[in-house]
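Subject: Structure for you to look at

Hello,

Here is the structure I promised to pass on. Please open it first; my notes follow below.

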Amino acid sequence: MSNSQLTPGIVPARLPAASYEANFADHTPPLDRHEAQVAADRCYFCHDAPCMTACPTSIDIPLFIRQIATGTPDAAAKTILSQNIMGGMCARVCPTETLCEEVCVREVAEGKPVEIGRLQRFATDTLMARGVHPFTRAAATGKRVAVVGAGPAGLACAHRLAMKGHEVTVLERRPKAGGLNEYGIATYKSTHDFAAREVDWLLKIGGITLKTGVTLGKDIALADLLADYDAVFLGIGLAGVNALRAAGEDLPGVENAVDFIAGLRQAADRSGVAVGRDVVVIGGGMTAVDAAVQSKLLGAENVTIVYRRGKEKMSASGYEQEHATQTGVRIIYGAAPVKVTGGARAEAVEFAYTQDSPEGLKLLGEGFTLKADQVFKAIGQTLAGVPEGLTVAAGKLPKRAGDKLWCGGDCALGGEDLTVTAVAEGRDAAEEIHAALTGAAG
Ligand SMILES: Cc1cc2nc3c(=O)[nH]c(=O)nc-3n(C[C@H](O)[C@H](O)[C@H](O)COP(=O)(O)OP(=O)(O)OC[C@H]3O[C@@H](n4cnc5c(N)ncnc54)[C@H](O)[C@@H]3O)c2cc1C
Ligand code: SF4
């Protein structure tokens, strides 16, 4: 243990400088050509392939794997990208263990699926490394569409619309495009600035004007967009964060996990990112796991995730939970925070055990206290900055919000909050917009 690990409080440089590069290296290294060939040869090229049905973007998985097997990775990439323009990012971040690979017949029969995600990455990386953009635009339609939010949903929508010949303007409030691909996804899943490189590559289609630093509701009103453009797509994600609703949550040292993760993703030098010695993360999703694992990788000594329900209810997959525990993170199930205690700043969190019953979650009379100089809230994101006049149901926007208005991705009803789902919804909205603007069948 280094001396810096013994330092109390939230401090940078807990680890020797050389450790950071190794700790934040690619979590799942890419396959080389030979490894990809061997992995592709395991596929049975099933008729009615279950893997394809499980993919939210319906990529023709047996076809692209066959194309890799026959030595044509560029064709494989085109098969992938024609359904999912962010096939490169999805190959890195999709929870394949609960999607395509979970239902792969080789997983079902032998407990070892075809490595679909890694094969997808091999194909898309091969094509992108050559700087090739495999799609061209249709003849100009003269129609103009505004897309708000440059996350996976907005960018997928913009790309498909541009391909169909429309002129697209993307408005993004942050300084960089990419949404959570750029500001949220764990550093070790998307290395070497992949999110930014993918955006540059996607924009090569042409016909898309990207305006960053523009916030809908502040710099421009929805009514103006609806008046100026033929259609509008909102892919604004979930910009708010749920409160803990526990006493003491305003103490210094209590932070939103998404802000910590964004700071780490944008840090030019990871050794400059401050982390506590005793870190407590409250939540049960990917955000909780990513904040906890990355705290550990930054040199925190004790990192504990506390989730209010049982293991099986945690929205982070079994694989993600195992990754966390393998990194040295402790997970406590069935407890909820009641109080963050401390003087000038957070020092500990008091928890009560819970009982999950058909009537709901009950706090029990007994509990425990965890020492904590840094506490991360990771109990879910919420819709924020909803333009006036739009109806919110179950915390989300409808997919069709008016004659000229579509919504998709995390901000919209339906589907899981995953990168791949956002891409599918952006693409599908673009098809609907195209049909509405041209009278063409989707
Ligand atoms: C920490 C974290 C880790 C995750 N890890 C994974 C993972 O490993 N795998 C996975 O599949 N999914 C993961 N997810 C979920 C995934 O990132 C989201 O489902 C996906 O990014 C949703 O895409 P989106 O385009 O709907 O929204 P976002 O990616 O949130 O993009 C929305 C964009 O809209 C912009 N915006 C918002 N309001 C306005 C406004 N008023 N005006 C202009 N622009 C605006 C935002 O700045 C943002 O760029 C993770 C999420 C988080 C928070
Ligand atoms: S289910 Fe598995 S074996 Fe069958 S086509 Fe899909 S990846 Fe190949």
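Strands E11 (residues 346-357) and E12 run antiparallel to each other, paired over nine bridges. One pair to look up: glutamine 355 has lysine 362 in E12 as its bridge partner. Keep in mind throughout that this is a predicted model.

These two strands belong to an open sheet of three, ordered E10-E11-E12, with antiparallel pairing. E10 (335-342) and E12 (360-371) are the edge strands, and each of them pairs on one side only. From one strand to the next, the twist averages 25°.

There is also a five-strand sheet. This one is open too, in the order E6-E13-E7-E8-E9, and its pairing is parallel. Which strands stand at its edges? They are E6 (254-256) and E9 (330-333). Each has a single partner strand, so one side of each has no neighbour in the sheet. The twist here averages 25° from one strand to the next.

Within that sheet, E7 (residues 278-283) and E13 (residues 374-378) pair in the parallel sense, over five bridges. Glycine 283 has alanine 378 in E13 as its bridge partner.

Two helices to check against this sheet:

- H14 (residues 257-266) packs on the sheet and touches E6 and E13. Its direction makes about 70° with that of E6.
- H15 (residues 286-297) also packs on the sheet, touching E7, E8 (302-307) and E13. The direction of H15 makes about 170° with that of E8.

Now to helix H10, residues 152-163. At 1.5 Å a residue, its twelve residues should span 16 Å. The end C-alpha atoms are 16 Å apart, which agrees.

Is H10 enclosed or open to the outside? Eleven of its twelve residues are buried, so the helix is largely enclosed by the rest of the structure. The buried residues include Pro152, Leu155, Cys157, His159, Arg160 and Leu161. Note that a histidine and an arginine are on that list. After H10 comes glycine 165, with a positive phi near 100°.

Last, a record to compare. An unreviewed UniProt entry lists residues 22-130 as "domain: Dihydroprymidine dehydrogenase". In the model, the chain over residues 22-130 is 61% helix and 0% strand. The end C-alpha atoms of that stretch are 27 Å apart.

Over to you.

Best wishes

Conventions. Residues are numbered from 1 along each chain as its sequence is written. Chains are lettered from A and ligands numbered from 1 in the order in which they are written. This is a predicted model: local features need pLDDT of at least 70, side-chain atom pairs count only at pLDDT 80 or more; totals for chains, interfaces and linings use all residues. Side-chain values use heavy atoms; hydrogens and water are left out. Helices (H or I, at least four residues) and strands (E, at least two) are DSSP runs, numbered from the N terminus. The expected span of a helix is 1.5 Å times one less than its number of residues. Buried means under 20% relative accessible area, exposed over 50%, partly exposed in between (1.4 Å probe, protein chains only). Two strands pair if DSSP finds at least two bridges between them. Axes are lines fitted to C-alpha atoms, for helices over the stretch in contact, and angles run from 0 to 180 degrees between N-to-C directions. Contact means heavy atoms within 4.5 Å. UniProt positions are given in the numbering used here, feature names are shortened, and annotations may be inferred rather than shown by experiment.
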